[in-house]
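Could you walk me through this structure in my viewer, one selection after another? I am new to it and would like to know what to click on and what is there.

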Amino acid sequence: MDDKEILTLYWNREEAAIAASAQKYGHYCGRIAGNILSQAEDVEECVNDTWLRAWNTIPPHRPAKLSLFLGKITRELAIDRYRAQRTQKRGGGVYDVALEELEECLWTERDTVERAVEGNLLGEAISRFLWEQPPLHRDVFVLRYYHFSSIQRIAKAYAIGESKTKSILFRTRKKLRVFLESEGLL
């Protein structure tokens, strides 16, 4: 079933939309959640919550690309669950490591309106920066810091060595820092 047909099912409030979403995007959403969460039960619950949130969001929202829409929901839910677990002294995984790697480029405080505005500007600047990078570097960066994929998984996906993957990430982070400083965001 294609995305338009699935969206029509959601739009018509037919429960078959959930089954179609799970069949087509279950593995994709599971991988996103699995990159952030360490427990299989948490991943499964997060993916199931994705279908519920999609059901509650469509309509009125009609996403242009269903896979990205569902992936974003899954990512948000997984991060929320991860943070909840972390406050309870549980969890662990690639998420912490990826954020530590980016720490040299970004701030971590998000508690003021000023920081929220700066965060929006930062997001736009990072997007501009990434579009200026070679496709491989951009893809590796996004897989690591948006999807929280492991170094090993990225290296395997692009048939490159782990050391090359680490090198690409290191150099891209370094360039990002210089770019953000030139933009006045650091």
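Select R153 and show what surrounds it: setting aside neighbours within four places in sequence, R153 is in contact with R31 and N35. Keep in mind as you go that this is a predicted model. R153 sits in helix α8, which covers residues 151-157. Along the chain R153 and N35 are 118 residues apart, yet in space their C-alpha atoms are 9.9 Å apart. Zoom in on the side chains of R153 and N35, and you will find a polar contact of 2.6 Å joining them.

**Next stop: A159**

Move along to A159, in the loop between α8 and α9. A159 has a positive phi of about 55 degrees, although it is not a glycine. Here is some background for that angle: most residues other than glycine have a negative phi.

**Two packed helices**

Now colour helix α7 (residues 135-145) and helix α9 (residues 162-182). How do they pack? Their axes are 10 Å apart and meet at an angle of about 90 degrees. Angles of 65 to 115 degrees count as roughly perpendicular, and α7 and α9 are therefore roughly perpendicular to each other.

To see the contact itself, show side chains on both helices. From α7, select L136, H137, V140, F141, R144 and Y145; facing them from α9 are T165, I168, L169, T172, R173 and L176. By type, the residues of this contact divide into seven nonpolar, three polar and two charged.

Stay with T172, which lies in helix α9. Which residues does T172 touch, not counting those up to four places away in sequence? They are F129, H137 and F141. The relative accessibility of T172 is 1%, so T172 counts as buried.

Jump to helix α1, residues 3-11. Begin with D2, which caps the N-terminal end of α1: one of its side-chain oxygens lies 3.3 Å from the backbone nitrogen of K4. Then select D3, I6, L7, L9 and Y10, which are buried residues of α1. Turn the view to look down the axis of α1: the buried residues fall within an arc of 155 degrees, so they line one face of the helix.

Just after α1, click on R13. R13 belongs to the loop between α1 and α2 (16-36). It is not a glycine, and it has a positive phi of about 60 degrees. At 36% relative accessibility, R13 counts as partly exposed.

**Last stop: two prolines**

Finish in the loop between α3 (40-57) and α4 (66-87), where you will find P59. P60 lies in the loop between α3 and α4 too. Display the backbone and check the peptide bonds here. The bond from I58 to P59 is cis, with omega near -20 degrees. The bond from P59 to P60 is also cis, with omega near 15 degrees. For background, most peptide bonds are trans.

Terms used
Residues numbered from 1 in each chain as written. Predicted model: local features only at pLDDT ≥ 70, side-chain atom pairs only at ≥ 80, totals over all residues. Heavy atoms only, no water. Axes fitted to C-alpha atoms, helices over the stretch in contact; angles between N-to-C directions. Helix = DSSP H or I, 4+ residues; strand = E, 2+ residues; numbered from the N terminus. Parallel < 35°, antiparallel > 145°, perpendicular 65-115°, else oblique. Contact = heavy atoms within 4.5 Å. Nonpolar A, V, L, I, M, F, W, Y, C, P; charged D, E, K, R; others polar. Buried < 20%, exposed > 50% of the residue type's maximum accessible area, 1.4 Å probe, protein only. Arc of directions from axis to C-beta. Polar contact = N/O pair within 3.5 Å; in protein donor to acceptor, adjacent residues only side chain to side chain.
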